[in-house]
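I opened the model and kept a notebook beside it. My entries follow in the order I looked things up.

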Amino acid sequence: MHETEQHDLSDDSDYAAASRHHAPGGIMRTDSGKSTASEAGGSEVLYLKDNVAIHPTQYASERISGRLRLYKQGSSLFLSWIPYKPSTDGAVDSLGHGSSSIPVEKDRSLYTIKSLPVSDVHSIRRHAPALSWPYIIVVLSSGLAYPPFYFYNGGVREFLATLKQHVFIVRSADDSNVFLVNDFQDPLQRTLSSLELPRVVSVANRASRHRSDLSSSSFDDSERLNGASYDATASTSEYSARQKKFHDPARDISIQVLEKFSLVTKFARETTSHLFRESHNDGLNAYEKKQQTDYGSLKPISTSDDKKKDSNVIPVASDPLEFEKLPLVWGKQRMHPLCLEEWAAFLDSEGRILDSKALRERIFYGGVDQNIRKEVWKFLLGYHEYDSTYAEREYLTSVKKSEYEVIKSQWQSISAVQAKRFTKFRERKGLIDKDVVRTDRSVAYYEGDDNPNVTILRDILLTYSFYNFDLGYCQGMSDFLSPILYVMKDEAESFWCFVALMERLGPNFNRDQSGMHSQLFALSKLVELLDGPLHNYFKQADCLNYFFCFRWILIQFKREFEYDQVMHLWEVLWTHYLSEHLHLYMCVAILKGHRKKIMGEQMDFDTLLKFINELSGNIDLDWTIREAEALCICAGENGAACIPPGTPPSLSIEPDMGLYPQEDEVL
């Protein structure tokens with residue numbers, strides 16, 4: 001790892017403006033990386049950058065600009081980000097930002113970082129999109145993250161170079177865009193594994209007694225959450241009719257884990273509140289008023305065929321204020337699954353699908369019959385193109401089978417002597433071996449000792465860890481692969497279908513949790529749009545991080561429904577018929593359906609988490625899909641605007657975030 005030459009910031013485009021913004025004794029970093037002046041109180045500023053912004057929403061105009069600093073006080077290094085003071089006369093401030101983009105004092109204070117010890121930082125993720133501004137995400141030792149900091153006038157390289165001079169920083173072996181700071185543990189794994197820590201109760205209780213801002217010493221306690229082990233698959237739900245007769249010890253572990261998880265998340269809430277912009281809207285939205293007026297129960301009302309047809313042509317309002325003008329919208333009645341005869345009608349004589357949109361709509365409203373799932377899922381997952389012929393698909397299957405065997409042979413050829421010197425391989429193999437023997441063992445296809453299907457599950461996951469070595473394997477991936485292998489009954493085809501699914505959902509397992517955070521953020525905005533009273537209640541109850549929905553999103557409701565229902569739900573979601581993010585509208589639908597109980601019983605975060613997890617096996621799937629459809633229609637463009645571009649399961653919008661490492665300009 002070579003040392004990079006340090007750069008003077010004077011060539012930055014905002015240098016002059018920043019200098020004017022400072023007092024005469026302003027500090028700028030020199031070629032040596034040392035500060036030229038010190039502040040009162042013994043602080044030595046090592047790096048200073050103006051016009052570093054965050055975005056409370058996805059709109060570029062709604063940004064909060066401020067000043068990012070690295071400074072040293074004694075032997076400790078600190079990071080701060082202070083937003084600019086709002087303009088009182090409506091004029092443009094010294095850096096050219098109109099007052100319309102400056103938030104009120106309450107919003108400004110929500111994002112202010114007064115003094116964050118760098119010792120509390122686990123990693124920094126750098127993003128440099130080709131068609132957008134560069135930004136960084138600071139991830140804490142607790143596994144939680146601040147909102148992205150956008151460098152509108154450059155400066156990311158200088159920031160990392162300065163940081164490197166004062167703390168130990170190294171590129172992550174798992175992700176070339178992640179730089180580890182004084183800590184090498186995986187924050188996602190720590191978030192999951194910390195649930196079994198014996199001292200978690202005392203840590204959480206101590207944290208709850210010391211409520212303070214992000215500069216408080218409570219972050220020191222978060223490091224005690226490192227190093228424990230927890231298997232997310234241990235909480236596997238039982239799907240078959242044997243549930244009452246079959247005792248699964250993993251379910252007992254699950255109950256204990258959930259109890260500890262409530263304590264861990266209670267400890268972490270102070271930091272996650274900085275991920276979300278709080279709302280000031282206390283009024284009922286129109287959709288909620290219609291819900292209260294026209295129905296009061298959780299179950300949907302009956303509709304005639306005429307009403308179902310009318311629901312397809314209802315105009316969608318482009319502004320939330322126009323929701324008042326909309327009639328009540330219910331999702332269409334669910335249909336029977338797509339059968340073989342209907343499936344054949346969608347194909348021409350050579351096997352091409354004539355109308356892919358009509359097919360996806362049909363599957364959205366009815367799902368797929370088990371007998372044809374193997375063929376249909378290959379299209380939904382992107383393994384086959386809709387316009388491919390029978391001959392082309394047969395040839396592709398042959399080629400992909402050979403490719404799979406080549407990749408599989410890579411880890412099969414590793415000898416015991418090599419494995420002793422291949423730490424990453426041993427770690428991943430050990431984790432996979434532990435997970436697969438506890439994945440869906442109550443399902444007949446995987447039950448029993450020495451089940452060959454469990455061995456195939458293991459082999460596919462190991463092969464994927466070599467195919468996508470950057471992402472590797474994370475707990476929860478076996479949950480996604482299990483139904484695919486159950487349907488495909490073929491190792492190579494299951495692998496490539498799993499690869500296609502991970503192209504969409506792989507960000508759920510990012511080491512910095514960026515994929516999960518973007519979805520939780522989008523969920524908070526959708527609840528704010530579609531259920532103002534519930535959003536305001538979560539705000540008052542300090543629940544705006546939505547961590548109680550973490551499991552729903554991470555593995556796409558895998559633990560909430562019976563095995564057959566999960567397969568039906570996933571094929572509906574994979575159609576992307578109304579939205580790529582229907583699962584988020586499902587979250588809103590379930591929360592809305594239980595709003596009366598949540599608010600009536602004044603649930604705090606811990607009670608809410610327990611309640612949400614106890615819903616497993618007690619959610620009406622058809623009703624939830626219909627309600628999510630209705631919410632999606634009502635939200636329209638406003639709902640789509642709540643979801644930042646690139647939020648999973650969308651494909652990545654950054655072409656440079658692929659499988660291959662990038663050249664490092666800093667380290």
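**Entry 1: Arg-438.** Arg-438 is partly exposed, with a relative accessible area of 27%. On this scale buried means under 20% relative accessible area, exposed means over 50%, and partly exposed is in between (1.4 Å probe, protein chains only). I found Arg-438 in the loop between helix 15 (423-436) and helix 16 (452-467). Helices (H or I, at least four residues) and strands (E, at least two) are DSSP runs, numbered from the N terminus. I also checked Val-454, which is 16 residues from Arg-438 in sequence and 9.4 Å from it in space, C-alpha to C-alpha.

**Ground rules.** I noted that this is a predicted model, where local features need pLDDT of at least 70 and side-chain atom pairs count only at pLDDT 80 or more, while totals for chains, interfaces and linings use all residues. Residues are numbered from 1 along each chain as its sequence is written, and side-chain values use heavy atoms, with hydrogens and water left out.

**Entry 2: helix 16.** Does the span of helix 16 fall where it should, or what is the distance between its end C-alpha atoms? Its end C-alpha atoms are 22 Å apart, which agrees with the 22 Å that its 16 residues should span at 1.5 Å a residue. The expected span is 1.5 Å times one less than the number of residues. At the N-terminal end I found a cap: a side-chain oxygen of Asn-451 lies 2.8 Å from the backbone nitrogen of Asn-453. The buried residues of helix 16 include Val-454, Leu-457, Ile-460 and Phe-466. I then looked for their cover, which includes helix 13 (390-412), helix 15, helix 17 (477-488) and helix 18.

**Entry 3: the cores.** I turned to the nonpolar cores. A nonpolar core is a set of buried Ala, Val, Leu, Ile, Met, Phe, Trp, Tyr and Cys residues joined through side-chain atoms within 4.5 Å. The largest has 118 residues, and Met-477, Phe-538, Tyr-546, Phe-548 and Leu-591 have the most contacts inside it. Helix 18 (residues 491-505) gives the largest share of this core, 10 residues. Why does this core lie between domain 3 and domain 4? Domain 3 (349-355 + 365-505) and domain 4 (514-657) both give residues to it, so it lies between them. The domain bounds come from an automatic or database domain assignment.

I picked Phe-548 and listed its contacts (heavy atoms within 4.5 Å). Leaving aside neighbours within four places in sequence, Phe-548 touches Phe-538, Cys-543, Leu-591, Phe-605, Leu-608, Leu-609 and Ile-612. A second, separate core has 31 residues, including Ile-54 and Phe-159.

**Entry 4: His-583.** Is His-583 buried or exposed? It is buried, with a relative accessible area of 1%. His-583 lies in helix 23 (residues 582-593). Its side chain makes a polar contact of 2.8 Å with that of Gln-519. A polar contact is a pair of N or O atoms within 3.5 Å; within protein, one must be able to donate a hydrogen and the other to accept it, and residues adjacent in sequence count only if both atoms are side-chain atoms. Beyond four places in sequence, the contacts of His-583 include Gln-556, Pro-648 and Pro-649.

I followed those names. A cis peptide bond joins Pro-648 and Pro-649, with omega about 10°. Gln-556 has a positive phi of about 55° although it is not a glycine. Gln-556 counts as buried, at 5% relative accessibility.

**Entry 5: the whole protein.** Last, I wrote down the totals. The protein has 26 helices and 9 strands. Of its 667 residues, 58% are buried.
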